[in-house]
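Let us go through this model by question and answer. Keep the structure in view.

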Amino acid sequence: MKTLITRGISALIALASIASLYYFFKKDGFKILIFLGVLIGSYELMTILFKESESKSNKFAFYLLVVNVFVLSSFFPQFSAIIFAFFSIVYLLFSILILHKFEDLNELNLFQAKSILGFFYLGLLPSFMIQILNLPHGMIWFNSLLAIVFAGDVGAYLTGISLGKKKIMPLISPKKTIEGSIGGIVFSLLASLVISYHFLPQLNLLSFLLLTFATSVVAQFGDFFESVLKRVAEVKDSGKIMPGHGGILDRIDGVLFGAPIVLFGAILLEGLLTTRV
């Protein structure tokens, strides 16, 4: 019960912060929030991927390049693949010319795998959220993404602790169950019904439910992906900034994975909306 109360208080503080940013800055408030999430999340990811004993210049270069991939991909989404490739090459050259640390091919492969993972996870994926916000009806789509993922998180948690029996991936995430996963999808679909009724009445309901189902499933894989990272790194949470939830990555892992799905669906369905928000 104490954990549930702690999670609830943290969630309320987070919601109040989000509401304040929106009140003062409207759509730009969400962009500021995403940028802050990338800054904090990149630091958390750096501490997960790299050992404390590793070179500080290496970790600083990794952090700086991840943030740059995000910023440039957000401003120039049409060049995001080139930006991703360019910074991957820059980091490889940095590692070879500056660090001189590789004694065999496996060590080089491991180093590059970490950089590519970081550039993808907190460089490209959050830039899709910015692209969602830049759509004509971006606020509706972005809030739909948050509602679908967070309703799924709540549903998976409540269903899991009350009905959960069959473990879904015990070696990766011992507490997650099949029942909790199904409950998460059901809660996401319920949230999408509310969104559809109030904000997207022009859309075909079945199309939106299919988009919600795909987003909810992929978002759960985002949760499992981060669990793999933490398990390999032997840490319980990615950080401590949100008591009861862990770090920023613990809170937005599903949103990161769900963002390209919602962006894809929004681009396909955007033409059916007739009113500008």
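**Patch, fold and salt bridges**

Student: In which helix is the place of L193?
Tutor: This is a predicted model, where local features need pLDDT of at least 70, side-chain atom pairs count only at pLDDT 80 or more, and totals for chains, interfaces and linings use all residues. Residues are numbered from 1 along each chain as its sequence is written, and side-chain values use heavy atoms, without hydrogens and water. Helices are DSSP runs (H or I, at least four residues; strands are E, at least two), numbered from the N terminus. L193 sits in helix α7.

Student: Is L193 buried, partly exposed or exposed?
Tutor: Buried means under 20% relative accessible area, exposed over 50%, and partly exposed in between (1.4 Å probe, protein chains only). L193 has 38% relative accessibility, so it counts as partly exposed.

Student: Which helix supplies the largest share of the nonpolar patch?
Tutor: Patch residues have over 30% relative accessible area and no salt bridge; like charges are joined within 9 Å, nonpolar side chains (Val, Leu, Ile, Met, Phe, Trp, Tyr) within 5 Å. The surface patch includes L193, F187 and V154, and its residues together have about 880 Å² of accessible area (Shrake-Rupley method, 1.4 Å probe, with only the protein chains shown as cover for residues). α6 (138-163) and α7 (178-198) each give at least two residues. The largest share, six residues, comes from α7.

Student: How many helices are there in the protein?
Tutor: Along the sequence the pattern reads α-α-α-α-α-α-α-α-α. There are zero strands, and the helices number nine.

Student: Which residue forms a salt bridge with D153?
Tutor: Side chains of opposite charge can pair when their charged atoms come close. A salt bridge needs a side-chain nitrogen of Lys or Arg within 4 Å of a carboxyl oxygen of Asp or Glu. For D153, the closest N and O atoms are 2.5 Å apart, and the partner is R251.

Student: How many residues apart are D153 and R251?
Tutor: D153 is in helix α6 and R251 in helix α9 (residues 248-269). The pair links distant parts of the chain, at a separation of 98 residues.

Student: Is R251 buried or exposed?
Tutor: R251 has 16% relative accessibility. That is why R251 counts as buried.

Student: Which side chain meets D250 in a salt bridge?
Tutor: The N to O distance is 2.6 Å, and the partner is K230. D250 lies in helix α9 and K230 in helix α8, so the pair ties together parts 20 residues apart in sequence.
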